[in-house]
Amino acid sequence: MFKELKRIWPKALALFVIGCLGLAGPVFAQDASSIADNAELIQENKVILDTVWTILAAFLVMLMQAGFALVETGFTRAKNACNILMKNLMDFSVGTIIYWAIGFGIMFGAGNALFGTSGFFLKDLGGTFDSLAWSTIPLEAKYFFQLVFAATAATIVSGAMAERTKFIGYLAFSVVVTALIYPVVGHWIWGGGWLANLGFWDFAGSTVVHSTGAWVALTGAIMLGPRIGKYNPDGSSNAIPGHNLPLAALGVFILWFGWFGFNPGSTMGAVLDIGHIAVTTNLAAAAGACAAMLVSWKLFGKPDLSMALNGALAGLVGITAPCAFVSAGSAVIIGSVAGVLVVFAVVFVDKVLRIDDPVGAVSVHGVCGAWGTISVGLFAQDIFAPGTTGNGLFFGGGAKLLLAQLAGVGAVFVWCLITGFALFYIIKKTIGLRVSGNEELRGLDIEEHGMEAYAGFQIFSTE
Amino acid sequence: MFKELKRIWPKALALFVIGCLGLAGPVFAQDASSIADNAELIQENKVILDTVWTILAAFLVMLMQAGFALVETGFTRAKNACNILMKNLMDFSVGTIIYWAIGFGIMFGAGNALFGTSGFFLKDLGGTFDSLAWSTIPLEAKYFFQLVFAATAATIVSGAMAERTKFIGYLAFSVVVTALIYPVVGHWIWGGGWLANLGFWDFAGSTVVHSTGAWVALTGAIMLGPRIGKYNPDGSSNAIPGHNLPLAALGVFILWFGWFGFNPGSTMGAVLDIGHIAVTTNLAAAAGACAAMLVSWKLFGKPDLSMALNGALAGLVGITAPCAFVSAGSAVIIGSVAGVLVVFAVVFVDKVLRIDDPVGAVSVHGVCGAWGTISVGLFAQDIFAPGTTGNGLFFGGGAKLLLAQLAGVGAVFVWCLITGFALFYIIKKTIGLRVSGNEELRGLDIEEHGMEAYAGFQIFSTE
Amino acid sequence: MFKELKRIWPKALALFVIGCLGLAGPVFAQDASSIADNAELIQENKVILDTVWTILAAFLVMLMQAGFALVETGFTRAKNACNILMKNLMDFSVGTIIYWAIGFGIMFGAGNALFGTSGFFLKDLGGTFDSLAWSTIPLEAKYFFQLVFAATAATIVSGAMAERTKFIGYLAFSVVVTALIYPVVGHWIWGGGWLANLGFWDFAGSTVVHSTGAWVALTGAIMLGPRIGKYNPDGSSNAIPGHNLPLAALGVFILWFGWFGFNPGSTMGAVLDIGHIAVTTNLAAAAGACAAMLVSWKLFGKPDLSMALNGALAGLVGITAPCAFVSAGSAVIIGSVAGVLVVFAVVFVDKVLRIDDPVGAVSVHGVCGAWGTISVGLFAQDIFAPGTTGNGLFFGGGAKLLLAQLAGVGAVFVWCLITGFALFYIIKKTIGLRVSGNEELRGLDIEEHGMEAYAGFQIFSTE
C-alpha cells in the first residue's frame, strides 16, 4: 500500500484532499475498529490462557488426592489399606458435591467478615463472588480450582485418624469440614474476611489448607485415642511401621508434582511469576528433604526414608504461604527449617504429647503450615504484587506483617480446635467415632468393608 | 506522537496538507499493515494456544493407559499381573503404529458415510481431513489426540478378557480393533459419517470410545468363557478378588485425572468452556462414586471399595458424551444414575448372564457408556455451540435428539457385536484365543511370559 | 464511525481540512499508540504462553523422578527398595540445590568453550546467560526446566549401581555429577561450547542427559563389581529378577508420560512443532516396545515384559536427540532400531562384558542414547528451524552432520569415563563405595536405613 500511494503522488493535491474525505474517513473508522477488535481478541485470548493455566494447575492439584491416598496407605498397615483408600476416595467425592452446594458459597460468597451467605450451587446474583473478581477466569473454573484445595484439607485428616476410625463417622466429619470448617477459614483469609482485612497473607494455603486440615486432624486423633499397641503401660511408644514404603514414596513424588499446581496455580491466571513460584516451591521441598534426612541421620544413627519423605512434604507445606513473596534463597531457608521442624515435631507429638498420628499429619501440615505462614512475616519481599504484603521483618518491614501472620495462625488454630472437638464429640455420641477393639485387631478392611487389599497375596498375622 | 503533532499546529495549513501527502499516506499504510500484522499474530498465538491445550490434554489421556493397567492388574490375581501389564503396554504400542498407518485414515479421512478411504500415514492430499477442519491445530496434533482415544478403546477390552486369553490372540485382536472396528464407529460419529448426519451427539466418546471398547469386550468374554473356578456346577458364581486394591485405587485416581484431558480436551482448542466441562466431569465422577458406595452398602451390607471405584469410573464414562452439553446439576444426576447402574449391571452380568468380566468393563464402559449417550437426549441444553445439539427431552427439545442418540447406541452395539464375534471366531479357529487349563491354573505370567510379577516376594498357591 | 463520517460528507472541504488538523493528528497518534500497545500485549501474552508451556513441560519431566524410582525399585529386590527410593529422592533434592548454586552456571553461564564460569545462584550480571537468550521465558523458568533434566541424568546412575552401593558414597557422587560432570557436557552442547560450534545437534538430550548419565553409571557399575550371586565361578550369569513388575511397568508409563515434557518441552517456548515432536516421540517409543518384544520372543522363546518395557524406554531415549529434526516415518525406524539394540546390549553387557547393571541403565540410556544421537546424522531433515541441522546422510546432506554427531558421542563418552572413574576411585578410597557382604545379603534397607519396605507384609529369605 505504501508503494501504491507513492506512485499516485503526482496526481495532485485536490484529488488527495477529496480522497481524504472518501478514503481517510473509512480508513480511520476501519482502523480504529480493527484496533479495538484486536485489543478485544488479545484480551479474550489472555482470559482463555488464564483459564487454561488455572484449570491445568487444578488438574495437578486433583492428582494430589492420589498422592495422599498412597502416602497414608503406605505408612499404615496392610489390613487397613482399603479403608484408607475408601476414605480418600470419599473425601474427594463427597467434597466435590458438598463444596459445590455449600462450601464455595460460605468461602467466597458475599456475606460478612466471618462467612459468606450466598453463592450456593454457584448461583451468582451479580457481585456474589466479588472476592474472586481479581481473577478473570469463568466462575466454574474458579470453583474447580478451589474445590481441589478444599478436598486437600479434608484428606489431610484421614491420615491422622487412620486404622481405628469408624467409616460412617469419618463420612460425617468429611461433610462438615468441607461445608463449614474449612470454608469459614477460607472466607476469613481468601474470601475478603477479617483476616484479609487485617493484612494477613497466605499465598497458596499453608494455613488455609494445611494447618486447617492438620488442627482438625489433631482433635480427631485426640478424641480417638491411640491405636491398640501403640503405647506401652509405661508410657513408652512403639513404632508401627507402614506396610508399603514404595507406595508412600510414590505418593510423595505425586504430591510434589501436584504442588506445582497448588502453588504456581494459585495465581489463578497466567503470569510470569509462575516460574519464580515453581522455583521457590521446588527449592523448599528439596531443602526440607535434605534437612530432615540429615537430622534423622544425626538423631537415629541412620538416614530415614520416612523422615526424608516427610521432610519434602514439610518443605512444601512451609513454602505454600510465602512461595510468591520470597526469594529463592529465602525458600531454601524456609524449607530447611521446615525439614528440621518436622522431625522434632513428629518425635514430640509421639513421645511427649503421646498423640497417635500414624502418618505425621499434624507435624507435616500443622506445625510446618504454621511455620510457613509465620515465615511470610519474616522473609516477605514486596515482589509479587508490589504494595500488597510489604516486606517482612528480615527485609526491613518491621513487625507489622509478622504480627498479622501470628494472629492468623492463632485464630485458625483456635477455630479448628473448637469446631473439631465439637464435631468429633457429637459424632462420638451419636453414630460413633471408633471401631471396636476386635475390629481394629482384625483390620478395618475386613470389618468395615468386607474385603482384603491383597487377596490371595497378603499374608500377615492379626497384628 | 500526539504531543509532537500538537506542537506543530501553528505551522500552517498548507504544510499540513503537503504533510498529509507525505506522511498520512505512509502512516495509513503502516497502520493498516501493523493492524493486519497484529491480527495475524493474535491468530497465530491462538492457534499455538489451541495446540498447547490440546496436546497437554492428550498427554493426560495417554496417562490413562497407566490407569487402566493398574485397575486391571489390581482387580485380578498376582499370577497374571505381568500378562495384563504386557497387554496394556502393547495395546498402546501396537495401537500407536496401526492407528497412524491405517486407523486415523479410516476414521477421519475423506471417504463415504461408513468409513474413510484416505489419509493413511497422515497423508493429506488437501481436504483429506475436512472432518477435523473445525479444529485449528496441526494435523499431527489432531492425530495424537485421537490416537490416545483409540488406545483407550482397545485397552478397555483387556480387562474383560483378563486371566485366560492367549497373548498372541490378544495381539491380533488389538490390531484389528485399532485399525478397523473402532475407527469405523469413529467415522460414523466424529468423521462426518451417517450418525453425525443423523444428528447424533457424543462430545467426548461415551459411545465412540467406551461403549465400542466394552461391546467388543463383551464378545471376547463370551467367546472365551469364564475363568476356571468362576462358576460352580449349580450355576452360582464365586468372587475372585483382585490381588492389589491399592494399585487399583491408584489406577482409578489416575483415570479420573486423565479424564480431565479426555473431556475438556475434546474441545480440541482452547475455549472458556473447558472450565464448565471439567466441572461436569468431576461432579459426575463424584456422584457416581457416592451412589455406587451407597447402593453397595445397601445391597451387600458394607460399603464396597471396588464398587465405589467402579462408580467413579461409571460417572466418568456416563458424563463423557454429555459433558459439554449439560448443566452442573444435570451432571450430578447423570453421574448418580451411572453409579447406581454400574452396581446392578455388574451383578446382572455376573449372576444372570453368567459372563465372566473380571474387572467389570462391560458394566462400566458399556452400560454406562450407553446411559451417558442416551442422557444427552434427555439433559442436553443448547449451551456449548448454540445451534448444534438443541435441547433434550427434559429441557423442552422433544424426542428428536433422544431418538438419534438411541439409534446411535443401537447401531454401535450391533456393529461391535457382529465384528467382535467374527474377529474372535477367526482368532479362535486360527491362532487360538484361550490358554490351556493348566496354563490358566499356573498363571499366564509364567506360562506366557516366563516371569513372575513379584519374584522372591510373591507367595500364592495355584488358585 | 464509518457511517457517521459518511453522513457529514456534505459539510464541506474546509471543515474537513481543519478537522484533519484537530482530529487526524490525535487519531493518528492514538491509533499508532494503540497499535503499539496491542503489539506489546501480543508479545507479552506470547511470552506468558511460552512460560506456561515450558513450566508445565518441566512439571511432567519432574514426575519422571517418580518413574525412575519405580522402575529401579520394581526391577530390583524388595530388601533394597527403601534404599533405591531414598537415592532417587535425594538425587532430586540434592540436585535441586546444587544445580541452582553451581551446575546451572557451569552449564549456561558465560565462560569458555569448555565450561561456564558465572551465573552461580542464578546471578545474572547481564549477558551471563546469553546461551539461553533464544528462549523468551524468565530466567528462573529456564533454570527449572534445565534442573529437571540435570536430575534425570543423575537418577539414571542409581539404577546401574543398585543393591550394593553405600548410601553416603552415592550422595557424594550425586553432588559431583550435578555440579560438574553433567553441566560440563551440557555446556559443550547446549551452553554454546565447542560441540555446539562444531555443528553437533542433540535436541532434547539423548547424549547430554541420557548417555552422560549412563556412561557415568557404567564406570560406577565397573568400580563396584557385580552383586553377590550374580556371576558363577564358571563365569555364567544368574538372573536376579525384580520384586515388583507392576511398579516397574507403572514407572515406564510415567516415564513415557513425562517424556512428553522432555522432548516437546525442549522447545522452551510455545510453538506448533510440539505436535510433531509429540508424535515422533510417541511413535519411537511404541516402535521400541514392539521391536524389543519381538526380539525377546525370538531370542528367549517368550515375549518378555521387562524387555518390552525397556524397549519403550530405548525408543524414547533414541528419539530424544532427533525428535524435532526427523519425520514420523524416520521416528518409527529410529525407535525400532533402539528396541532391537537394547535387547542385544543388555545381553552383551551381562554375558560378554560381565558388568552387573541391575536395571539395564547402560543399555537403555547409554547405547540407545548414542544411537539416537548418531541417528540425527542419518535421518535429519532441515525442518525444525531451517538452516540449523541441515539434512542427514539419508536425506542428501552428506556425512558432515554425521561426523559431528560421532565426534560428540565419542567426546562425551571419553569425558564421562575419565571423570566417572576418577570420582568413584576417590569415593572408594575415602568414604567407601560398596557395603559389606553381610550388609548386601541382609539388604540395604535394614542395614543402611534401619527400615523395611514392606513391614509386616514382606516375606522373603536373605537372598
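Author: Happy to! One term before we start: buried area is the accessible area, taken with a 1.4 Å probe, that two parts lose on being put together, summed over both. Please also keep in mind that this is a predicted model.

Reader: Got it. How much area do chain C and chain A bury between them?

Author: Chain C and chain A bury about 5,700 Å² between them. Carbon and sulfur atoms carry 84% of that area.

Reader: And how many residues are in contact there?

Author: On the chain C side there are 72 residues, in contact with 65 residues of chain A.

Reader: What about polar contacts and salt bridges between chain C and chain A?

Author: Seven residue pairs are in polar contact across that interface, with both partners at pLDDT 80 or more. The count of salt bridges between chain C and chain A is zero.

Reader: Which helices of chain C supply at least two residues each to the side that touches chain A?

Author: Among them are helix 1 (2–7), helix 3 (81–108), helix 5 (167–190) and helix 15 (444–449) of chain C. Helix 2 of chain C gives the largest share, 29 residues. By class, the side of chain C that touches chain A divides into 55 nonpolar, twelve polar and five charged residues.

Reader: Let's move to the other pair. What do chain A and chain B bury between them?

Author: For chain A and chain B the figure is about 5,700 Å², with 84% of it on carbon and sulfur atoms. Here 72 residues of chain A are in contact with 65 residues of chain B.

Reader: Which helix of chain A gives the most to the side that touches chain B?

Author: That is helix 2 of chain A, with 29 residues. The side of chain A that touches chain B is made up of 55 nonpolar, twelve polar and five charged residues.

Reader: Nice. Now chain A by itself: how many helices and strands are there?

Author: Chain A has 15 helices and zero strands. Its C-alpha trace spans about 110 × 45 × 45 Å along the principal axes.

Reader: How much of chain A is buried?

Author: Of the 463 residues in chain A, 67% are buried. The accessible surface of chain A comes to about 14,000 Å², and 67% of that surface belongs to carbon and sulfur atoms. As for contacts in chain A with a separation of 6 or more, 77% are between residues 24 or more positions apart.

Reader: I clicked on A:His276. Where is it found?

Author: A:His276 is in helix 9 of chain A, residues 273–300.

Reader: Is A:His276 buried or exposed, and why?

Author: A:His276 counts as buried because its relative accessibility is 16%, and the cut-off for buried is under 20%.

Reader: What does the side chain of A:His276 pair with?

Author: A polar atom of the A:His276 side chain lies 2.7 Å from the backbone oxygen of A:Val326. The side chain of A:His276 also makes a polar contact of 2.8 Å with the side chain of C:Glu140. Leaving out residues up to four places away in sequence, A:His276 touches several residues, including A:Cys323, A:Ser327 and A:Ile383.

Reader: Last one: where is A:Glu439, and what does it touch?

Author: A:Glu439 is in helix 14 of chain A, residues 437–442. Not counting residues up to four places away in sequence, A:Glu439 touches A:Leu444 and A:Glu447. A:Glu439 counts as partly exposed, at 23% relative accessibility.

Note on methods
Residues numbered from 1 in each chain as written. Chains lettered and ligands numbered in written order. Predicted model: local features only at pLDDT ≥ 70, side-chain atom pairs only at ≥ 80, totals over all residues. Heavy atoms only, no water. Contact = heavy atoms within 4.5 Å. Helix = DSSP H or I, 4+ residues; strand = E, 2+ residues; numbered from the N terminus. Nonpolar A, V, L, I, M, F, W, Y, C, P; charged D, E, K, R; others polar. Buried < 20%, exposed > 50% of the residue type's maximum accessible area, 1.4 Å probe, protein only. Areas by Shrake-Rupley, 256 points an atom, 1.4 Å probe, with all protein chains shown as cover. Polar contact = N/O pair within 3.5 Å; in protein donor to acceptor, adjacent residues only side chain to side chain. Salt bridge = Lys/Arg side-chain N within 4 Å of Asp/Glu carboxyl O.
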